[in-house]
Amino acid sequence: VIGCIPAMPQSIILPLSAGAFWLWHSLRKRQEAARNVPEPVATHDPAHIAIEDVTDQTLVTIQLGYGLINLTDEKRGATLVARLTGLRKQMCQNFGFIIPQFRIEDSFEVEPDGYRITLGGATIGGGRIKPGHMLAIDTGEVMHSQAIQGEATVDPSFGCPALWIDPGARDLAVAEGYLAVDPESVIATQIHQLLAARAQDLLGPDQVRDLIDHLRARHGQLIETIPPQPLSLAAVTRLLKALLSDGISLRHALRVFSSISLAAQQTSEHDRLIDIIRADLGAMIVAEACPPDAKLPVITLAAGLEEMVVSGLQDPASGEIVIEPDLARSIGERIATIVSQRDPAATRPALIVQPRARRALTALLRLRAPQCLVLSINELPAAQPIEVIAVV
């Protein structure tokens with residue numbers, strides 16, 4: 001267009017415009033030719049076996065019978081996938097690290113109306129679902145003034161009596177005192193209950209590395225005092241697993257790693273590290289069980305009984321205290337009775353013992369009285385008010 005204006009240097013502008021047109025035309029033809037070239041078809045070699053074909057790297061798997069596949073169909077209003085996504089996010093916040101994604105798959109090894117939950121290939125729970133129905137759970141507040149029609153069953157999460165009822169009977173069941181939940185909630189609740197007690201099994205070196213990298217961005221000097229010297233990544237992972245198994249969350253990662261740094265300057269022996277870390281985190285541990293400005297309910301062992309525990313048998317390999325079976329049963333039953341007699345809404349009680357006896361009694365009460373917190377005397381903050389409710 002410029003070249004057509006009078007008095008313009010047409011001998012320069014017109015050849016340039018012709019060259020630009022030729023370049024556009026050539027590039028267009030090349031693009032069309034490349035678009036029409038067929039893509040090479042990948043041929044599958046039946047003799048080739050990839051590692052993905054023979055290994056399952058998913059940590060948590062939910063296997064569904066073919067009768068429950070509709071629970072994953074979001075187009076039909078099913079909410080199982082969304083429910084599990086929200087559950088995983090909540091658990092990440094509670095635990096303080098990113099847990100691996102869940103995997104949902106159909107399986108002919110499970111009954112058509114059943115499901116199975118596996119962790120690392122081992123089955124940890126499961127149950128049966130009645131599609132198109134709701135589970136009315138008797139939490140102990142049912143009035144039984146009106147009969148609710150349904151199929152008797154047991155809540156898979158907490159073992160409470162329950163009924164599978166039609167959705168239309170939900171309002172009547174709620175009015176009678178039942179807790180009515182949909183099938184997706186039944187599965188999600190059981191997964192949460194099972195994994196909450198196994199947080200340590202969900203933590204691996206990759207998750208620990210993510211925690212360390214996150215803290216290094218703002219607290220580099222602190223992280224430099226831990227891995228790889230004096231503690232390796234494997235040693236830090238083992239420590240964090242032990243803390244999780246004791247019910248200590250990693251939400252406050254800076255506080256936890258500060259305690260690890262303090263302990264690492266004193267020793268590299270694992271059990272000793274745990275004792276030092278727990279003593280430093282004592283205020284945080286107690287705060288999880290006892291509201292501020294409240295007295296911590298405390299159970300203690302009589303001096304003679306505690307001496308029997310401390311001076312008893314020891315594991316020759318680890319040096320850990322081994323409580324004699326009859327004595328262990330007596331202690332466990334007595335403490336379980338004390339805990340069961342308390343108001344469920346009351347503050348969680350704590351058993352205060354000597355540092356050497358803490359591990360053995362923690363393992364004992366984890367099975368017989370899981371509601372009771374076990375603390376060594378070193379872990380009890382000096383300013384924490386207490387109330388001794390029983391002496392065993």
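**Reading pockets, a buried serine and ring pairs**

Visitor: Which helices each supply at least two residues to the lining of the second largest pocket?

Guide: Helix 8, helix 10 (270–280) and helix 14 each do. Keep in mind that this is a predicted model. Helix 14 gives the largest share of that lining, with 5 residues. The pocket's volume is about 200 Å³.

Visitor: Now the largest pocket. What is its volume, about?

Guide: About 1200 Å³. It is lined by 39 residues. Nearest its centre lie D246, G247, R348, P370 and L373. Several elements give two or more residues to this lining, including helix 2 (80–95), helix 8 (233–245), helix 14 (358–368) and strand 13 (373–376). By class, the lining counts 20 nonpolar, 10 polar and 9 charged residues.

Visitor: Let us turn to one residue. Is S107 buried or exposed?

Guide: Use the cut-off: buried means under 20% relative accessible area. S107 has 9%, so S107 is buried. It lies in the loop between strand 2 (102–106) and strand 3 (114–119).

Visitor: What does the side chain of S107 reach?

Guide: The backbone nitrogen of E109, at 3.1 Å. Now leave aside neighbours within four places in sequence. S107 is then in contact with Q63, L64, G65 and R116.

Visitor: By what is a pair of aromatic rings described?

Guide: Two values describe such a pair: the distance of the centres and the angle of the planes. A search of the whole structure finds 3 aromatic pairs here. One of them is Y66 with F108, a tilted pair at 6.3 Å centre to centre and 40° between the planes.

Visitor: Which parts does the pair of Y66 and F108 tie together?

Guide: Y66 is in the loop between strand 1 (60–64) and helix 2, and F108 is in the loop between strand 2 and strand 3, so the pair ties together parts 42 residues apart in sequence. Y66 is exposed at 54% relative accessibility. F108 is exposed too, at 75%.

Visitor: How are F95 and F97 arranged, stacked or tilted?

Guide: F95 and F97 form a stacked pair, with 5.9 Å centre to centre and 20° between the planes. F95 counts as buried at 9% relative accessibility. F97 counts as buried at 3%.

Conventions. Residues numbered from 1 in each chain as written. Predicted model: local features only at pLDDT ≥ 70, side-chain atom pairs only at ≥ 80, totals over all residues. Heavy atoms only, no water. Helix = DSSP H or I, 4+ residues; strand = E, 2+ residues; numbered from the N terminus. Buried < 20%, exposed > 50% of the residue type's maximum accessible area, 1.4 Å probe, protein only. Polar contact = N/O pair within 3.5 Å; in protein donor to acceptor, adjacent residues only side chain to side chain. Contact = heavy atoms within 4.5 Å. 1 Å grid on protein atoms, 1.4 Å probe; cavity = no way out; pocket = protein on both sides within 12 Å on 5 of 7 lines; lining within 4 Å. Points joined across faces, edges and corners; volume = space filled by probe spheres on them. Nonpolar A, V, L, I, M, F, W, Y, C, P; charged D, E, K, R; others polar. Phe/Tyr/Trp six-rings, centres within 6.5 Å; stacked < 30°, edge-to-face > 60°.
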